[in-house]
Amino acid sequence: MKNFFLFFILMGFIGLQSVLAQTTVTGTVTSTVDGSTLPGVSVVVKGTNLGTTTGINGKYQLNVPANAKAIVFSFVGMKTQTIAFTGQAIINVRLTSSAVSLGQVVVVGYGTQSKRRVTSAISSIGAAKINNIPTPSLQSAFVGKAAGVLITQTNGKLESGIKVHIRGISTITASQEPLYVVDGIPILNTDESTNSSPINPLLFLNPNDIASVEILKDASSEAIYGARGSNGVILITTKKGKQGKTRISLNYSTGFSRTTHKRDWLNTAQYIELFDEAAKNSGYTLAQLHHFYTLYSWDGKAEWNSSVNTNWQNLALVKGSVSNYNISASGGNRKTTFFISSAYNKTDGIVFDNKLQRYSIRANVENHVSDKLKIGTNTSFSRIIIDRVSNDDQFSTPLQAIAQTPFTRPFDANGVANRHTLYYNFLVQAQDGSFQTNIWHALINMYAEYQIIPSLKFRSEVAYDYNGQLAEEFSGSLTEAQGTNGFAIATSHRTERYDLNNYFTFTKNFNEDHRVNITLGTSFEKSILKAQHVEGTDFPSDALRTLQSAGNITGGASSLSAYDFLGYFARVAYSYKNKYLLNASIRRDGSSRFGINNQFGWFPAASIGWILSDEDFLKDSHILSLLKLRASWGVTGNAGIGNFASRSLFQGSSYNQKAGLAPTQLGNPNLKWERTSQIDVGINFGFFKNNRIGGVIDYYKKKTSNLLLNEPIPGTSGFQTITKNIGSMQNTGVEFMLNTKNVVTNGITWTTSFNISYNKNKVISLPNGDIIEGRNIVRQGEAISDFYMPEYAGVDPANGDALYYLNTLNPDGSRNRNTTKNYSDAKRVIVGNPFPNVIMGLSNTFYYKGLDFSFTFQAQRGASIYNLGGRFQEANGNFFDNQTVHQLQRWQKPGDITDVPQARLFGNNGTHHSTRYLQKANFVRLRNITIGYSFPKQLVEKLKLDQFRVYVTGFNLLTITKYTGNDPESTADYITGVSNIQQGIAFYSAPPAKTVTLGVNINF
């Protein structure tokens, strides 16, 4: 027994000696890129769990056992280094940047991730692809640069709303827009326009402040945002300061704009010939024709005059200009880094009297209070001033001037806008009215991050997002409001959002082969919207335009609305040997918008990845440099509905001057989220050294169930509909992206990026039958918003009658393709869709000895567009609107073969809604092109500068299309800007601008 105890004492002594035989190793880790110290580097004794991380100054201290063989240094974006341990007390390490793109870092929800370990479908767009593009809309800079992302501006007005569809459309009535997150904070993305023409809610962002954009496309990446991820998530990261000297950057550009396209309209001689003929064909004399013209004119005083020839289109679409001023400073030391910027943008649009100014400032500051604690703020303020024009359906909007007769003078002899015109002259509104919107936006995000232990940190974020908008519209005594001695309206919207995020992040390497990253947290958001509206008439003078001068306040209203979100989320990312990858996340979201019985929902997701190119049988390949397989599944939601859709609502009312309440909506306590489940299978590949040729292929299928739709109910209830979760729809598609480094040698660099994607949308279930709005239909088994109308069959050569296909059903289920001249006999059929099924982008970049050249093409096919204004613009003399020159091809005698019917005044010959005004919207567009030159370093240094670059940029310079309207992407703001179903409808919609700017970048 004594020997037994002596044995254990000896073993304990030997173990103690082993523990005591340690070396305290210290050192500093720096970057070979710029020599800066690297905080947060993982330092681990190889084959053990012993480790630490470097502090703010890049220094570390680690107790290393005497029997240790090596120490491993690893950091995201850097090559891992393994240093042999032979008892040395000081080990300084310089880490080099990873040679391949998989070593880069991408932003994900509530954190970052090495691109190598990403198992989701994420598109990244860097600052170089965004900055210096002459457009006030940030989203426009993304066009053509991400597979599966369709971005369309409603029309050519500067403030016009932007629609972004990621992998198709996943809802019918709820919001179709993605969630925007700026520096980790979800931001306000609601259109607060005071009329039905939407304003882009991201106008407040200065594109030159953007460092990167990540577009989350599959459920695995989106589900961390739970109830708002169904339409995709766009993560916007602004620029930050770096350690080193303060760097000042100046950027100035100025240029001009023109319309991308103008249509050809009849001149006075052609117009008179057409209408003389139309009157004769309808049995009217010329005297009657002239009488009708005056009778139906705006003020009943317009006269038929053949001595004037006015091009009204040139008055509506004018020469525009753009100027951008941007200055920024960045830098810092080991304790504090900063990025501050100020910018001013002034744009005069191509639409008459449409102007925009934006002032913006930003301050991003971060301070390391200690080795464990850092605090910071990302703060931006902006003011936007927009001189607006009326909606596309108003005669006071400039583009409707093309309907004016060419023999009408725009001004009288004194330069005053002519009021004796066929329709209301928009120039009267411009001279005696105004419409201006002022927007103030503030986004303040403050955060603190504490490193509890080397592998665990806690981050707290609190943010305030404010959007204030004041719209003031005045119409003087000479305008359409002449009967009121002036009319004014002022509307104020104020939206505030409070965000609070708290989450832990645990990151640990185990035995060098295992890496775990865990995120666990909670999120709370509260939004409050207040609105006021006042209107008045009877102004003593047209020079006094505020409501203070109104003699009669005729109306007013105010409203208050609010909603909350509360979420709990968790995510685990695991990698084994850095080639077997697993990610899983779950979020539980609650919202005040949904029924009391279903306010919370679960949103899980998971993904896996396998980097085959690191396997022994492939890692030595000189051809295949990368092969990664990915698969993901997840569930996301859509909460983009009204704040009180689930509630029974009452509204204050009056009866016989007595106050009361009236029911306005029937509640549904079981109302819940739309639920989108998505699977994605993808391949990342690369060939040759450093991924000389690389790309991504993805297949996805996502199905949305529990669609939020209005279900008809018996009228005896006192209501017409109730909002319920019924119906489902599906999107399936394929995405392909190819990146190539064509030439990288002898100072020459040429790279190419190409992407193409295909999407098919299908409504799976629609229990209450077809939903028809205007010329669009939602039908089970078909795509959302299909065009639904009679089919135009051309012109009868014998008599000039317009013909339509009957399209009645035959007994065998086929359609009767016989024709009829009776429009009411022709059946409506599905004849196209407003959304493209194929979108493409192609970018090229060249560098050679200071010269840089880049361009991006975008293309789409499969979409159609319906010109609602065609019934007036190509009406073969039906009414007095000016016509396109296509009417010169009208039928005039028996035997004529044409698609333009005989001209008949008031005859409605072929002017009904039909495919006559429906065209394919396929196009190829040169989206942007830039050529720049950076002066030689030796010359620049003599001027005490770091860089001096001049450049010329073109935007929308070339569009190739067979569409004969203003533009294949321009649609009616008052329809497509506010309706999910009525899409692809054009109505006197302004084309986009093509812009050329000359600029200079100076860094010092």
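Visitor: How many helices and strands does the protein have?

Guide: Helices (H or I, at least four residues) and strands (E, at least two) are DSSP runs numbered from the N terminus, and by that reading the protein has 9 helices and 52 strands. Its radius of gyration, taken over C-alpha atoms, is 33 Å, close to the 30 Å that the globule rule (2.2 Å times the number of residues to the power 0.38) gives for 1004 residues, so the protein is as compact as a globular protein of that length. This is a predicted model, in which local features need pLDDT of at least 70 and side-chain atom pairs count only at pLDDT 80 or more, while totals for chains, interfaces and linings use all residues. Residues are numbered from 1 along each chain as its sequence is written, and side-chain values use heavy atoms, with hydrogens and water left out.

Visitor: In which sense do strand 20 and strand 21 pair?

Guide: Two strands pair if DSSP finds at least two bridges between them; strand 20 (residues 355–368) and strand 21 (residues 373–387) pair in the antiparallel sense over 14 bridges, forming a hairpin with 4 residues between them. Arg-358 has Ile-384 of strand 21 as its bridge partner, and Ile-384 also stands opposite Ile-439 in strand 22, a strand (residues 433–453) that runs antiparallel to strand 21 and is joined to it by 15 bridges.
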